[in-house]
Amino acid sequence: MSWSVFRRLRSLPSYIRPYLSIPSSSRILSSCSDPSSESDYSESDDPATPPHLEFEPKEYDVFLSFRGEDTRNNFTDHLYQALVDKGISTFKDDEKIEIGKPISPELLDAIEKSSMAVIVLSENYASSTWCLEELATIIECMKEREMRVLPIFYHVDPSDVRHQTGTFADAFAKHEIRFKNDCEKVRTWRKALREVANLSGRHLQNRPETQFIKIIVDVVFRELNDTLSIVDEDNLIGITYPVEELSSSHLKIWKDNQVRFIGLCGMSGIGKTTLARVVFQRIRCEFQACSFLENFSAECNVDTLLEKLLSDLKLWNEKDKWDATKGRAVIKKRLRFKKVLIVLDDADKKEQLETLVGNCDWFGRGSRIIITTKDKHLLERHGVPQKNIYMVKGLNEYNEDLDLKLFCQEAFGKPDCVIDFLDLCNDFVHYASGHPLALKVLGSSLFGKGREVWLSARVKLEAIPNMDVQKKLKIGFDALEDTEKKLFLDIACFFNGDYKDRVIDLLEGNRYCYPTRDIETLVDKSLLTSSGKRLWMHNLLQKMGWEIVRCEHQDNPGERSRLWLSDDILQVLKENTGTDKVKGMMLNMPPHEEQLNSNAFSNMKRLGLLKICNVHLPAGLGYLSNELHLMEWHGYPLTSMPNNFQPHNLVELIMPRCRFEQLPKEFRNMNNLKVLNLSNSQNLIKTPDFSDFSNLQRLILQGCTRLFEVHPSIGVLNRLLVLNLKDCQSLVSLPNEINLESLKTVILSGCSSLIKIPEIGENMKRLLELYLDKTAIEEVPLSIQNLSGLTLLNLSGCKDRQCESWQSFQYLSAVTSLVALDLSDCNLSDGAIPGDLSGFSSLESLNLSINNFTALPKSICKLSKLKFLYLDNCRKLRSLPSLPVSTQIVMARGCNSLESYSNQIVVWTSSETGFTMINCLSLADNEDKFGEVSLLDVHFQPLWQAPAYEVSPFHHESVLLPQTGIPKWFSHQKCFSIS
């Protein structure tokens, strides 16, 4: 590694350095080889100490050494221009030194400040003592300072240079006479010529000079690319995965000649900059000009960035006076026909992007503009298509233990874990959650430490996050607006992993809180992810939020805005130290029951979110905040609420296992309430009047075993989505009709005293799921046909009425939307199932287990979408009918009278479904003989497409057997042989 590279590494920002490791050996190029050949390597004796500390960083990429009278105005001039056009900073003596000025010391200083030398060896090169002095200095720098050297044999034979014959002999004959008193100088020149001639170079021969110059420029560019590299990919664990993903799906360098803007987005420290650097390093040689503008957000002056960009792209001469206005015009006009690669690292302002990279029309075909940022919305505002935005992943998302390997690389100096520390390594890796910066910081902090130190560090980390990691992550938080910061802390402390809609509902009514907009902002800024319907915050970001709240007042939790730790909450409640600064308090299950005094909440006037459980109030409760939006109190120990409690702002009232016989009078005018959950409240005997609950969406009274009455006003809940009365065993009846247009799910399972369900109104088009299992209902009403959107109906265990023909089946067949129907354990005998089942055109799952029929109707073959048929414990069933070709699984376990397939599992293959499995094992044997073949899950995907197989009934493992026949009911048959 050259000292210039070492200096660049040391000057990198702190967020880059954790990803980089100085290699264990230094590279010294002694020759400049063909692209197809391997370069020579040698190791320095002391890699930990950078060589030649006294040298300054390189100012030039290339020093051109040439004989002016031979090539200045032709070959060398063309070569110089080609190098400059490629973005290579090149020193040429007539460019930098005034004519007639002595060669030393400025010219020799320029050689030492160049990374590479290109020597144009022409016929009269050796006749110039200036050229020979240059050459001797270049050879010295090659040996001592890792300078790369490329000799160009321009109309000369390399052997003439090596042996000093031809024109080189004539030149040295004169030097021998002129310097007869300084023979050592001449010997040094001769030796330098021999050494340079022995290097791998380029020989013009009979090629066109334009072609020859292009070859030289490509070689120089590749060699400089290695020299200027500041990313050692070999020590970047896991970098291959995102580079390959990005290259194939976003960059498309060799497939797409259009201009592409590409965004790399993710949270701080996730590896955006490192990924951009590796990609830049790999592909830059494919472009005519390149620029990497790092630490973009730290530079507030866009003109400074513009000057740097123009300088990198060689569009601005340092001799010229800087003019920002002119600079903008230069970018638009001069780059339109150039294929460029530009990286803007850590962008955070739209104005910067508009000024520096504008739009696709500014750049030549095939150009790539890569922007790394924490703010996805910034990319979208600048017009970067969604498909061109790459979300950088954590190392734990690649399933290769990459996070563990990176941590161990830093902790032990190797990617393999020391076995005695495996448990602790896994703890730290779990804490970091795939975050590269955190893995490196934590690992390096434990390097060389004993197990006791590791244990102490783990305990401390749970209480106080690592400050180096915290400082980096907090950059994104500090840039948020006040409302966004509050939402971030609410999610970190209370709602990580919760439903997005629920978070919005609970926080929407708070003063100065705009969750719908602010959630999108947090997602855009990579501080939050929205996966499915839930919100997720990275483990490290959540812990950062906890630490921010903890630092609001380190000694007194009652002075903090949010409380979530049991010890802190119990301290505040027992000591009455809460204040009006407390906005939220969520106590999960404390280690044991706690007793609180009646004034525990008296000073928390602005409490908006409350979750508490396992506490007793022997002296009652004197006060609760009227600003509550969430009240979740498990096992509320009293039968009443505080007299002055007016919870009109409540959005969710969740009080399972409470002691109310009916909802207290304080819960009136609850027009903001969306969730009422009094489940498992054994004393509850009737519901409230719902007239004041106009926005209620979820009514959950599951397990209220004494509840016998539901107020008729339930009919006004036109926004109700879920009605759950499961296991309300005393419930005898419901209102005569339900006609709630928003209702999607009704659960009456286990209402064992319920004989009749209400008539169903015409507005019930949105009901999707109806659970009537284990009720006493004798039949479903004709009005069930109004449920035109019903997909699931469960009537399992409804067997009180004995009959041979069940009229309900006729009603159900009109509900053509049904996908899943459960009629298990319903005392169905022969004739109860109608002969025509064609009305169930959407049915995919049918459960007829534990019934008394001996045969199924032949019309079952008309169920064209049927996939799963359950017939377990139908002990009188004698035969299976023809089944539709869509069938995948038939479960007929415990069907003792079944004549075909007795006590075996058979799988038939078909071009329609891939397979159909019939399981006819006895239930006693099923677990052993089928346990290793996990086909019981109705979500099973047909992975075994080709071979037909049976499971031998005599062994405990699955056995592949030749297929002996195919049922006639397969209209598309295909056999497979077993090799």
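Contact here means heavy atoms within 4.5 Å, and angles run from 0 to 180 degrees between N-to-C directions, with axes being lines fitted to C-alpha atoms, for helices over the stretch in contact. Helices (H or I, at least four residues) and strands (E, at least two) are DSSP runs, numbered from the N terminus. The model is a predicted one, so to speak of a local feature takes a pLDDT of at least 70 and side-chain atom pairs count only at pLDDT 80 or more, while totals for chains, interfaces and linings use all residues. Residues are numbered from 1 along each chain as its sequence is written, and side-chain values use heavy atoms, with hydrogens and water left out.

Two strands pair if DSSP finds at least two bridges between them. Between β3 and β4, which run parallel, there are six bridges. In one of these pairings, A117 has V149 in β4 as its bridge partner.

As for α9 itself, its 15 residues should span 21 Å at 1.5 Å a residue, and the end C-alpha atoms are 21 Å apart, so the two figures agree. The expected span is 1.5 Å times one less than the number of residues. Buried residues (under 20% relative accessible area; exposed is over 50%, partly exposed in between, with a 1.4 Å probe and protein chains only) in α9 are V186, W189, A192, L193, E195, V196 and A197. They pack against β3, α6, β4, α7 (158–163) and α8.

Helix α6 (residues 129–144) gets the same check: its 16 residues should span 22 Å at 1.5 Å a residue, and its end C-alpha atoms are 23 Å apart, which agrees. The buried residues of α6 are T129, C131, L132, E134, L135, A136, T137, I138, I139, C141 and M142. Among the elements covering them are β1 (60–65), α5 (106–112), β3 (114–121), β4 (148–153), α8 (167–178) and α9 (183–197).

How do the two helices meet? Two packed helices are described by the angle between their axes and the distance between the axes. The axes of α6 and α9 come within 9 Å and cross at roughly 65 degrees. The crossing is left-handed, meaning the near helix is turned anticlockwise from the far one by less than a right angle (clockwise would be right-handed). On the α6 side the contact involves T129, L132, E133, L135, A136, I139, M142 and K143, and on the α9 side K185, T188, W189, K191, A192, L193, E195 and V196.A second open sheet also has five strands, in the order β7-β8-β9-β6-β10, with parallel pairing. Its edge strands, β7 (289–293) and β10 (389–391), each pair on one side only. From one strand to the next, the twist averages 10 degrees. Strands β6 (residues 260–265) and β9 (residues 368–373) run parallel and are joined by six bridges, with L264 standing opposite T372 in β9. Helix α11 (residues 240–251) packs on this sheet, where it touches β6, β9 and β10, and its direction makes about 145 degrees with that of β6. Helix α12 (residues 272–283) lies across β6, β7, β8 (340–344), β9 and β10, at about 165 degrees to β7.

L379 sits in helix α16 (residues 376–381) and counts as buried because its relative accessibility is 0%. Leaving out residues up to four places away in sequence, L379 touches G263, C265, I371, T373, V384 and I389. L379 and G263 are 116 residues apart in sequence, yet their C-alpha atoms are 6.6 Å apart.

Further along, N873 lies in the loop between β30 (868–870) and β31 (889–891). With 19% relative accessibility, N873 counts as buried. Its side chain makes a polar contact of 2.9 Å with that of R875; a polar contact is a pair of N or O atoms within 3.5 Å, where within protein one must be able to donate a hydrogen and the other to accept it, and residues adjacent in sequence count only if both atoms are side-chain atoms.

As for the whole protein chain, there are 28 helices and 34 strands. Of its 979 residues, 54% count as buried. Among contacts between residues at least 6 apart in sequence, 57% join residues at least 24 apart.
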